[in-house]
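Subject: Structure for your files

Hello,

Here is the structure we spoke about, with the sequence alongside. My notes on it follow below.

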Amino acid sequence: IEQTVKAIPDVTYQAALRAVSNQGLPLREADATSRVIQTEFTDISQYDERAASQYPQEERLVRFRILIAPNPKGVGSSIAIFGIYSPFNIGFATARRNERTIPKDHPGMAIVKRLRDDIVKAVGGE
């Protein structure tokens with residue numbers, strides 16, 4: 001999901017960190033310089049057990065990546081939020097080449113939307 005907000009990138013980054021924390025997602029990386037936030041893999045069945053039960057374990061484990069940059073079209077910030085999973089995990093450590101963005105109908109998208117909504121509410125959307 002992509003979103004533009006009126007707040008400057010540093011303020012948006014802080015709001016995104018709070019949104020991740022408010023959702024109870026375990027933080028993997030938070031780089032204020034690059035304005036990249038990533039969570040650890042989380043079993044989405046903790047958030048929606050019924051919807052997640054339709055997926056095999058490797059497709060229920062999702063991590064979230066939030067990228068924040070200055071708005072290229074003017075004032076404010078551009079936000080991109082990704083849900084990422086490893087549907088082809090074969091038992092070894094997850095390699096980035098095995099990672100894919102979750103499909104739009106994946107239950108993890110509800111978390112992506114909540115993250116977006118929390119950020120927009122905190123800083124004001126456009």
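I start with a loop residue. Ser34 sits in the loop that joins β2 and β3. With a relative accessible area of 38%, Ser34 is partly exposed. Between Ser34 and Leu67 there are 8.3 Å in space, C-alpha to C-alpha, although the two are 33 residues apart in sequence. Please keep in mind throughout that this is a predicted model.

The loop between β2 (27-31) and β3 (36-39) also holds Arg35. Arg35 is not a glycine, yet its phi is positive, at about 55°. For background, most residues other than glycine have a negative phi.

The largest nonpolar core has 25 residues, and the members that touch the most others are Phe64, Ile66, Ile81, Leu115 and Ile119. At least two residues of this core come from each of α1 (9-22), β5 (61-70), β6 (77-85) and α4 (108-123). The largest share is that of α4, with six residues.

Apart from neighbours within four places in sequence, Ile66 is in contact with Ala16 and Val20, with Arg35, Val36 and Ile37, with Ile79, Ala80 and Ile81, and with Leu115 and Ile119.

The crossing of the two helices is right-handed. On the α1 side the contact is made by Val11, Thr12, Ala15, Ala16, Arg18, Ala19 and Val20, and on the α4 side by Leu115, Asp118, Ile119, Ala122 and Val123. By type, the residues of this contact are nine nonpolar, one polar and two charged.

Two strand residues are left to report.

Ile79 lies in strand β6. Ile79 has a relative accessible area of 4%, so it is buried, the limit being under 20%. Leaving out neighbours within four places in sequence, Ile79 is in contact with Ile1, Glu2, Gln3 and Val5, with Thr12, with Ile66 and Leu67, and with Ile119. Ile79 and Thr33 are 46 residues apart along the chain, and their C-alpha atoms are separated by 15 Å.

Val62 belongs to strand β5. Its relative accessible area is 0%, so Val62 is buried as well. Not counting residues up to four places away in sequence, Val62 touches Glu40, Phe41, Thr42 and Ile44, then Gly83, Ile84 and Tyr85, and also Ile102 and His106. Pro72 is ten residues from Val62 in sequence, and their C-alpha atoms are 29 Å apart in space.

That is what I have on this model.

Regards

Notes:
Residues are numbered from 1 along each chain as its sequence is written. This is a predicted model: local features need pLDDT of at least 70, side-chain atom pairs count only at pLDDT 80 or more; totals for chains, interfaces and linings use all residues. Side-chain values use heavy atoms; hydrogens and water are left out. A nonpolar core is a set of buried Ala, Val, Leu, Ile, Met, Phe, Trp, Tyr and Cys residues joined through side-chain atoms within 4.5 Å. Buried means under 20% relative accessible area, exposed over 50%, partly exposed in between (1.4 Å probe, protein chains only). Helices (H or I, at least four residues) and strands (E, at least two) are DSSP runs, numbered from the N terminus. Contact means heavy atoms within 4.5 Å. A crossing is left-handed if the near helix is turned anticlockwise from the far one by less than a right angle, and right-handed if clockwise. Ala, Val, Leu, Ile, Met, Phe, Trp, Tyr, Cys and Pro count as nonpolar, Asp, Glu, Lys and Arg as charged, and the others, Gly among them, as polar.
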